[in-house]
Amino acid sequence: MGRFLLARLAWTVPVLLIILVVNFLVIHLAPGDPVQALVGDFPAPPGYLEQIRHDFGLDEPLWMQLFRYGENLARGNLGYSFANRQPVLGLILARAGTTLILMIPGLVAASVLGVVLALAAAPRAGSALDSGITALSLFGYSVPIFWLGQLLVILFAVRLGWLPAQGMTSLRGSATGWGHVRDVAWHLVLPAFSITIFFVAVVARVARASVVGVLSEDFITTAMAKGLSQRAILWRHVLPNAMIPVVTVIGYSFGYSLTGAILVETVFAWPGLGSLFVASIGNRDYPVLQGILLLSAVMVVAANLATDLAYALLDPRVRRGYGAAHA
């Protein structure tokens, strides 16, 4: 297991380096001038613009900017935000917690609910329940997440008035303690549901196909012949053997949910990384964009690493096969 973990960790280093260089080049080669975005339509003299470029190091060759970026990154310095006038690391960390508050409940709920729906539908393949769950999964997977968010706002916030439409906390009053927690949870319902409904469809479809495949195996027939109940067969024998594809799609969904979070945060004005990312694009704030993309890459690589480790824990053949290949 130790050799397996070290090998996976060794692969993450070149992957992150490649991502770092590609992100830097894509951002700096994109059209737009960050200095002009800062100044706006104000008729600033050319000397002032050149001074700003010099202060932020934008007048240096691109390869030198990349070298300085890597040098600062090695010291734990992500740079200084042009538009927000503060260090990028503190700015991103403050917003990352808000984004995780939105992402994690939605992904956990989607993972649990998707597996439960798959276990309910797969043993009754072709029934009305199976058809209904399949249709619901197809609907959730097909509807764009930003459009679903707008529909939820129109229905539950505008028409019915049950839930708040935007923001993370109420504008009136400043609750503390458990009152603040309840206020945040109340504002979290609609954006978290928008994320959940999409990913529960993905997890349910993959989990159902995996469960159906395991149900056709010979050891399941043997378990039925021994007189085990359907619940025992599903939870003790089917689910552990059907989890590897499910773990794959959950790990993939964690990385993909970052994109979904950007769209959801824009619709619901959630003050997380998504809204910061959109604002930084308009401001051409290179350091912030690089920091968010780097953080996203680290989270995706970490999710893939966790998925590989889950493989090894769920299926010992993965560890044995890796050890035999490197013996």
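# Why these words? Questions about a predicted model

Modeller: Let's begin in H8, where the helix has a kink of about 45° at Val189, shortly before the proline Pro191. The bend at a residue is the angle between axes fitted to the seven residues ending there and the seven starting there.

Biologist: What should I keep in mind about the model?

Modeller: It is a predicted model, in which local features need pLDDT of at least 70 and side-chain atom pairs count only at pLDDT 80 or more, while totals for chains, interfaces and linings use all residues. Residues are numbered from 1 along each chain as its sequence is written, and side-chain values use heavy atoms, with hydrogens and water left out.

Biologist: How do you know that helix H8 falls short of a straight helix?

Modeller: Compare two spans. Helix H8 covers residues 178–215, which is 38 residues, and a straight helix would reach 56 Å at 1.5 Å a residue, but the end C-alpha atoms of H8 are only 46 Å apart. The expected span is 1.5 Å times one less than the number of residues.

Biologist: How many helices and strands does the protein have?

Modeller: There are 13 helices and zero strands. Both are DSSP runs numbered from the N terminus: helices are H or I with at least four residues, strands are E with at least two.

Biologist: Why is the pair Phe24 and Tyr69 called stacked?

Modeller: Their ring centres are 5.7 Å apart and their planes stand at 25°, so the pair is stacked. The rule takes rings of Phe, Tyr and Trp (its six-membered ring) with centres within 6.5 Å; planes under 30 degrees apart count as stacked, over 60 as edge-to-face and the rest as tilted. This pair links distant parts of the chain, as Phe24 is in helix H1 (residues 2–29) and Tyr69 in helix H4 (residues 62–74), 45 residues apart.

Biologist: What makes Phe24 count as buried?

Modeller: Its relative accessibility is 2%, so Phe24 counts as buried. The cut-offs are: buried under 20% relative accessible area, exposed over 50%, partly exposed in between (1.4 Å probe, protein chains only). Tyr69, at 8%, is buried by this rule too. Across the protein, buried residues make up 39% of the 327 residues.

Biologist: Why is the pair Phe156 and Trp162 called tilted?

Modeller: Here the centres are 6.1 Å apart and the planes are at 45°, so this pair is tilted. Phe156 is partly exposed at 23%, whereas Trp162 is exposed at 54%. By the ring rule, the count comes to two aromatic pairs.

Biologist: What makes Glu71 and Arg75 a salt bridge?

Modeller: Their side chains meet at 3.5 Å, N to O. A salt bridge needs a side-chain nitrogen of Lys or Arg within 4 Å of a carboxyl oxygen of Asp or Glu. The structure holds one salt bridge. Glu71 counts as partly exposed at 32%, and Arg75 as exposed at 59%.

Biologist: Which residues form the nonpolar patch on the surface?

Modeller: They are Leu100, Ile104, Val108, Val112, Val116 and Trp235, with about 520 Å² of accessible area together. Patch residues have over 30% relative accessible area and no salt bridge, and are joined within 9 Å for like charges or within 5 Å for nonpolar side chains (Val, Leu, Ile, Met, Phe, Trp, Tyr). Areas come from the Shrake-Rupley method with a 1.4 Å probe, and for residues only the protein chains shown count as cover. Helix H5 (residues 88–121) gives the most to the patch, with five residues. Val108, in helix H5, is partly exposed at 48%.

Biologist: Is Thr99 buried or exposed?

Modeller: Thr99 is in helix H5 and counts as buried, because its relative accessibility is 4%. Its C-alpha atom is separated by 4.8 Å from that of Gly272, which is 173 residues away along the chain.

Biologist: Why is Leu276 called buried?

Modeller: Leu276 has a relative accessible area of 3%, so it is buried. It lies in helix H11 (residues 273–283). Leu276 and Arg95 are 181 residues apart in sequence and 7.8 Å apart in space, C-alpha to C-alpha.

Biologist: What about Gln290?

Modeller: Gln290, in helix H12 (residues 286–314), is buried with a relative accessible area of 5%. Between Gln290 and Asn23 there are 6.6 Å in space, C-alpha to C-alpha, though they are 267 residues apart in sequence.

Biologist: What is the phi of Ala269?

Modeller: It is near 55°, a positive value in a residue other than glycine. Ala269 is in the loop between helix H10 (230–268) and H11, and it counts as partly exposed at 38%.
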